[in-house]
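Thank you all for coming. I would like to walk you through one structure today, going from the overall layout to the inside.

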Amino acid sequence: MKKEILPKKKDGKIATKEHLKKSIKKANDAGNFMAENKNAFLIGGGLILGFLVIREVKKGFDAVGDVFEVDDVDFIKPKINPDASNLTITSDGAVNLAKSLLDAFNDGGTDEEKVKAVFNTIKTGDDFKLIYNSFGLRKRILGGTPTNYFTKKTAEAYDLIYWLKAEIGSFFNSELYNIVKERVESAGLIF
């Protein structure tokens, strides 16, 4: 007669019928718990699945937006440092004047009177440098700043001198053009 060998458990104890019954009872209890609380498990699983789906959809939209972003391959950021001893306006004033220029450019055409008022406020080339730095790079499309998602993604950013050249023509308003050109060139920049 062969001797029946029962498998050993990890802790070194021999598996017996009692241990087997306890294991089956625990498995049945876990199954009963899941059956009694199936709605909670379904809701929890649905929330986790919903979160994962929303996250992946958002990643997809971000990837589409990245396609439209243009790399800065042809813009060299100038290094313009105004001389603080030669300034007649404050940093806050420069920000306000830069905003006024942007508003003048976005007025459904150029508000030349507003541009003229800003340039009459600028007394030195260093004032212009401070305003130039405050203006920074602004996206431009179709003669103004972009207003919707697609144009914001496809528009390119330009500096203040580019905006001034595009908005102020020497043919239609040569007086304003000369005022702007003189002030820009007094800052040591090319107009």
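**From layout to core**

Reading along the sequence, you will find that the chain follows the pattern α-α-α-α-α-β-α-β-α-α, which gives 8 helices and 2 strands, where helices (H or I, at least four residues) and strands (E, at least two) are DSSP runs numbered from the N terminus. Please keep in mind that this is a predicted model, in which local features need pLDDT of at least 70 and side-chain atom pairs count only at pLDDT 80 or more, while totals for chains, interfaces and linings use all residues. Residues are numbered from 1 along each chain as its sequence is written, and side-chain values use heavy atoms, with hydrogens and water left out.

Of the 191 residues of the chain, 23% count as buried, where buried means under 20% relative accessible area, exposed over 50%, and partly exposed in between, with a 1.4 Å probe and protein chains only.

Let us turn to α3. Its 15 residues should span 21 Å at 1.5 Å a residue, and the end C-alpha atoms are 21 Å apart, which agrees; the expected span is 1.5 Å times one less than the number of residues. The buried residues of α3 are Ala94, Leu97, Ala98, Leu101, Leu102, Ala104 and Phe105. Seen down the axis of α3, these buried residues fall within an arc of 160°, so they line one face of the helix, the arc being that of the directions from the helix axis to the C-beta atoms. On the face turned away from this buried side, α3 carries the exposed residues Asp92, Asn96 and Lys99. The buried residues of α3 pack against α4, α5, β1 and α7, contact meaning heavy atoms within 4.5 Å.

What about α7, at residues 160-167? Its buried residues are Leu160, Ile161, Trp163, Leu164 and Glu167. Viewed down the axis of α7, they too fall within an arc of 160°, so they line one face of that helix.

Which residues have the most contacts inside the largest nonpolar core? They are Val115, Phe128, Ile131, Leu160 and Leu164, in a core of 29 residues, such a core being a set of buried Ala, Val, Leu, Ile, Met, Phe, Trp, Tyr and Cys residues joined through side-chain atoms within 4.5 Å. The elements that give two or more residues to this core are α3, α4, α5, α7 and α8, and the largest share, 7 residues, comes from α3.
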